[in-house]
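Please look over the sequence and the model below before reading on. The text then goes through a sheet and a set of aromatic contacts.

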Amino acid sequence: MDYLGQNLFEMEKERVSKNIRIILIVCLVLMLAAVRLFEERLFYDPFIRFFRSDYLLGDLPAYQMPKLLLNLTFRFVLNTLISLGIIYLAFRDRQIMKFSGLLYGILFLVGISIFIFLLLNLEKEHFLALFYVRRFLIHPIFILLLLPAFYYYRLSISRNSERPVQSIPGETFEGTISFIDPILNDNTRVATARIEVDNSNGRFKPGMFVSAQIETDMSQNGQQQMVIPRSSVLWTGERSVVYVKKSLESGVGFELREVNLGTATGDSYVVKSGLQPGEEIVVNGTFTVDSAVQLAGKPSMMNPDMNMQAGKEIAEKDKKVLMPLFMNYLQLKDQLVADDFDSAKNTISKLQQNSEAISKEGLTEETAENWGNFKPGLQNSVQKMKEAKDISALRENFDELSSVMIGIAKIANPMPGMYVLRCPMANSNRGADWLSMNSEIKNPYYGQSMLTCGEIKAEIK
């Protein structure tokens, strides 16, 4: 079965499942009605006929307290189980079910306590209070309140989608995600979703292209989470770092800070640790700041524990020495784009040879010191790629290699006019960068399966 057919099958299965749930809800509602209809046969309750008469003028009927309480409890539990079944079928939400079960339990304890108190201290003027308390215990009143309450609660926190449509400029449309395909596409690693939008006027046509923005509640256990823009994060291997603004005696400076990131949400990351509320970070131009920090001989993304005394001018001969390295890198990038594993392995060997051939003696003093700092990271990532058994393993380490090459390019710039491009889905949806000689998006992290996935992040002039 092809992907489209599989998707249609899942959608049809979801539609059938929805119809079955509706039928089951109707059956449960009929069960509640049956409990009410056959109450005199099912339960011991002398108050049924008493409250049907003119009870405010009559005398209290004889009753057996233990048997009465046992039957009231049984009837309340029966109605509660049926009501919880309706709530589950309507919303299929564990949190709602837990809340409902807890609420019913509390309400029963409160209701039965008041009922016992009224029976033990009953006077005629309390008959009306007894009537309402008993009615609460024997009838599924709260299902009538909880269903609309949960419905509007779900509407308020549901993931809504604003959909700008190119063929209808100047307007946005809101819809609700009603179905998410449980099966990922093998090539794109992306799941499709169905968004329900009012199309009663027929403005949406088959084949129309729309882009959607998903909104979701980011709070956790009632606490708001810290979120930072993707553009503020620099990646080097598995480390994620940001530059934090610091006040110095000489003015404003920036401190390199490693952060622990959580879920990626569109253009942002959730921060688990490493930052405090109120701290200011670099959001735009992080590579520029990182380059300036390296030139100033401070700890940077590529060299967090080293002091570099980098010169501001790189001799032309240094660029010529580094040029073959970048030619190998760009060739490797193109081979990953083409899904050419064998050629990529050969290029990695050449890149390794060229990196080992670069000696400090062939470079100016400033460039030699910079190269000494970058070389270990480059050789480490190249060695990992050399040991890769398939193209997926190559791509897993290409982001680390790219981070090193971008750092070198920012300082030496042996091939002016390169672009830093970014794939937001690479590196487990944390995003990864690569270098290219043009701005055309050709993604090396996914190759032909997602060739144009990416964006321009910066230009190295």
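The paragraphs below take up the strand pairing and then the rings.

This is a predicted model, in which local features need pLDDT of at least 70 and side-chain atom pairs count only at pLDDT 80 or more, while totals for chains, interfaces and linings use all residues. Residues are numbered from 1 along each chain as its sequence is written, and side-chain values use heavy atoms, with hydrogens and water left out.

Three strands, in the order β5-β10-β9, form an open sheet with antiparallel pairing. Strands are DSSP runs of E of at least two residues, and helices are runs of H or I of at least four, numbered from the N terminus; two strands pair if DSSP finds at least two bridges between them. β5 (226-229) and β9 (260-265) are the edge strands, each with a single partner strand, so one side of each has no neighbour in the sheet. Between β5 and β10 (residues 268-273) there are 4 bridges, and V227 has V270 in β10 as its bridge partner.

The structure also contains 10 aromatic pairs, counted for rings of Phe, Tyr and Trp (its six-membered ring) with centres within 6.5 Å; planes under 30 degrees apart count as stacked, over 60 as edge-to-face and the rest as tilted. F91 and F150 make an edge-to-face pair, because their ring centres are 5.9 Å apart and their planes lie at 80°. F91 belongs to helix α4 (residues 65-91) and F150 to helix α7 (residues 141-157), so this pair ties together parts 59 residues apart in sequence. Buried means under 20% relative accessible area, with a 1.4 Å probe and protein chains only, exposed over 50%, and partly exposed in between. F91 is buried at 12% relative accessibility, and F150 is buried at 7%. Ring pairs also link F76, Y104, F108, F136 and F142 into a cluster.
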